[in-house]
Amino acid sequence: MATHLSKLTSLILGTSLMATVASAAIGGELQKVMKARGLTENDIIHAAKTYTPSGGRDEFIVFSSGGQSGQIIVYGVPSMKILKYIAVFTPEPWQGYGYDEDSKKILAQGKIRGKSITWGDTHHPALSETKGVYDGKWLIINDKANPRLAVIDLNDFETKQIVVNPVFKSEHGGSFFTPNSKHILEACQYAAPYDNNYHPIEEYKETYRGGVTVWSFDPKIGRIKPKDSFTIEMPPYMQDLSDAGKGASFGWGFTNSFNTEMYTGGIEVGMPPFEAGMSRNDTDFLHVYNWKKLYQLSKNKKNVKVVNGMKVIPMSVAVANNALFLIPEPKSPHGVDVSPDGEYITICGKLDTHASVFKWSKIKKLIDNHEYAGKDPYGIPILDMKKSLHGQVELGLGPLHNQYGKDWKNGEIYTSLYVDSQIVKWNYKTLKVLDKVNVHYNVGHLCSMEGKSADPQGEYVISLNKLAIDRFNPVGPLHPQNHQLIDIRGKKMDLLYDMPIPLGEPHQAVAIRASKLHPEVRYKMGTNPKTGKMHVGKTLAGQEKIVRKGNKVYIYGTLVRSHINPERVTVNKGDTVIFYLTNLERAEDETHGFTVDNYNVHGSLEPGETVELKFKADREGVFPYYCTEFCSALHLEMMGYLMVKDPNKKYVSAQKLKMKKMSKAELKAEYEKTVAVNNATDAVIQSVVKFLKENHYEKYPTVKALVEDALDQYGKIAEQKKKADEAVKKGDYEKAILFENMIWQYMVKTADVGIRAKDLLVKKVATKQSPAAAAGERAFGEGGCGGCHVIGKVSSGPDLTGVLLRHENAEKWVKDFIMNPASKYNDPYVKSMIDYFNLKMPNQHMSEEEVKNIIEYLKWVDENANLF
Ligand code: RUQ
Ligand code: CUA
């Protein structure tokens, strides 16, 4: 155990740290924790592989469908920390999505036949690609319940477009980018008539249809182009998942299907249920189609018919142009996954224990030679399954989806086994099973890192399990879903971590290397994030105004720490109120929220953003409005009043109370006191500014950003000062005090950010701390030394800068003093200190190790004494 433990400790601490930190001490501590929490050595290794310390970053970012929430979940790997929920098809109040006018417009794009739909069943997210490799620019996702696609901009992680498929009534096999993101494949699911009319189910074969829509996409601006898009008519087989060909198979699409039986159910009239009739055949059909050729054909009117505004290429046209084929595939297939080079197409059938690997070159040869095994009832040529297959391999029960590993060239692939609750690693070239790992439970999709792009990154696979059963603390009958992180770097797969997902059932997830994402932290001032353009309501400081046009009242307002301008708005009952609000902040993470109580509106204003909130003031009364994000120390004061009066009512004045007022002399004294406080605060700010300049803060981008933020606040003081001085001139001390108070607010904000910048800068310009010194600083903090000693200052105890220079044999002296302060109370120097500070150094019961480290820390302080 002991040797294992020291191995473990070295694993966790890294060997360089090991040299300086006594492994025994940590090992002992670790052992204690392990014992108390019942952890095994394996648990500790798994913890070390996933634990990401405070402020740490993940290697990969995962975009997971949020299932029935209609959202997207963003989390990091390996930490499995959830970072964001992106609002897509569903209103989301925090982000103001569906509660401000601009996001309402996005949601309105998703109306179907004039009706709002306020949820979505998201299944398959996809990342945009350049030459088949993820480029980190755009994200799309489908809605199975209401056939729609949405586009999310990875510059700000916001939904920019929703597009409705006008011919499908449900949709599952979307969304899949083609390798240069010029097109998106979206396959139907449950066959239905393309038009919006009633057609009896008895006429299923004649009037119900499946299909694949090929959407055009402009990767430069990130928008789907519906007018340039078309649908390939397909038989009423239930098309399921798709994948776009790449490399060798570029230009082709692959979509599998179930219910080639074309069974139409009827349990209520004594027929066997759908599930029996739909799974009768041993094989269904893989649809193979040349979307590239069909796209060209779709530009000619004579090749298409238009249904509900969508160009549809009839099956007959696709067949006549050698652009649509079927291949039998076993049985109720689900996932179809094209290898990174486009040469192999792996398909798993839920009701077959095998994976079937098709080979593109073989399929292509049959197509080129017009070598068909027959035709389906709609005249579509069928290719021979055996002749198209590279081979089959038995994987286990219920294989669903596949993802490729880093060594894909040599055949590395992973497949989920739904019924067996396992992930299996195998080789799609040699058709050998290599390893299996149990997951908990009933895995659907799995997600390897960039595992379906042309450049899989390996390292991890995430198992997206449908059931969690016994994995977490119980929270009622509805359990969270369970995403499990699996390390695939070793020979054996190693399950590391369970993450509950409590938002909806995530189907597919896609992962991208974090370094490929470069989202903004602020918008250009006055941006409408939904369009990316300047907002019509953009308002800068000084431009705030209230404009009435008929019974519409436009409020052009601004928000900045910690006030909303204007603070009072009076309208008539029945007016339409339009708030245009701009967040004037440049500081990172300084979001303000805005709501008017009781009126069901909410906006989230990220730095630089402008939002529009609109409502009818249909109730008389007084309605506070306020900032909903705790943005500053004076956040609660960030408020105002909307007063709605009834123009037909007479209001009697209630002003009766006479309050005692301060005398002029009292007011003047208060004014002078306020100015004095401001001057003192300014002196502190100036000393910080001097330090920052002398140490070239501008060389360090993070410090520079903070300093700019601080100066931005400071810059606002001059105007307030002018107003204060004017008030003094007029003898209005009351007002002058208020303006001086405002100055103080700006100073506090400046100082707050400035000191943060200074601390950061000290760390940058100081000599590098040794691990021991860093441990010493920690011990100094945790041991409570800072309660009396502030480095660089005389506080309630002496300044410790130079303490190692003040004493003979200083290291030993300091050590003895910390370990046993009482032994030196009679030392003349210590005695004088005790008298001066009227305090005795207490025994903090530090270990010898800690004291050693503190001394290292004090040495570092002395090296950098000029900085404190
Ligand atoms: S699904 S569990 Cu992709 Cu909708 Cu397979
Ligand atoms: Cu702005 Cu709270």
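This is a predicted model: local features need pLDDT of at least 70, side-chain atom pairs count only at pLDDT 80 or more; totals for chains, interfaces and linings use all residues.
Reader: OK, in what order do the strands of the open sheet run?

Author: The order is β24-β25-β26-β27, with antiparallel pairing. Strands here are DSSP E runs of at least two residues, numbered from the N terminus, and two of them pair if DSSP finds at least two bridges between them.

Reader: And which strands sit at the edges?

Author: β24 (399–404) and β27 (432–438), each pairing on one side only. Neighbouring strands in this sheet are turned by 25° against each other on average, direction ignored; the axes are lines fitted to C-alpha atoms, and angles run from 0 to 180 degrees between N-to-C directions.

Reader: How many bridges join β24 and β25?

Author: Four, in the antiparallel sense, with β25 covering residues 412–417. Y404 has I413 of β25 as its bridge partner.

Reader: Switching topic: how many cavities of 30 Å³ or more are there?

Author: Two. A cavity is a set of points, on a 1 Å grid over the protein atoms alone, where a 1.4 Å probe fits but cannot get out, and lining residues have an atom within 4 Å of a point. Points are joined across faces, edges and corners, and the volume is the space filled by probe spheres set on them.

Reader: What lines the largest cavity?

Author: The largest cavity holds about 220 Å³ of space and has 23 lining residues, with E129, Y134, F176, D243 and K452 nearest its centre. By class, that lining has twelve nonpolar, seven polar and four charged residues. Ala, Val, Leu, Ile, Met, Phe, Trp, Tyr, Cys and Pro count as nonpolar, Asp, Glu, Lys and Arg as charged, and the others, Gly among them, as polar.

Reader: And where does the second largest cavity lie?

Author: Domain 2 (165–266 + 278–394) and domain 3 (403–504) both give residues to its lining, so the second largest cavity lies between them. Those bounds come from an automatic or database domain assignment. The second largest cavity has about 60 Å³ of space, and its lining includes F176, H401 and K452.

Methods:
Residues are numbered from 1 along each chain as its sequence is written. Chains are lettered from A and ligands numbered from 1 in the order in which they are written. Side-chain values use heavy atoms; hydrogens and water are left out. On a 1 Å grid over the protein atoms alone, a cavity is a set of points where a 1.4 Å probe fits but cannot get out, and a pocket is an open set with protein on both sides within 12 Å along at least five of seven lines; lining residues have an atom within 4 Å of a point.
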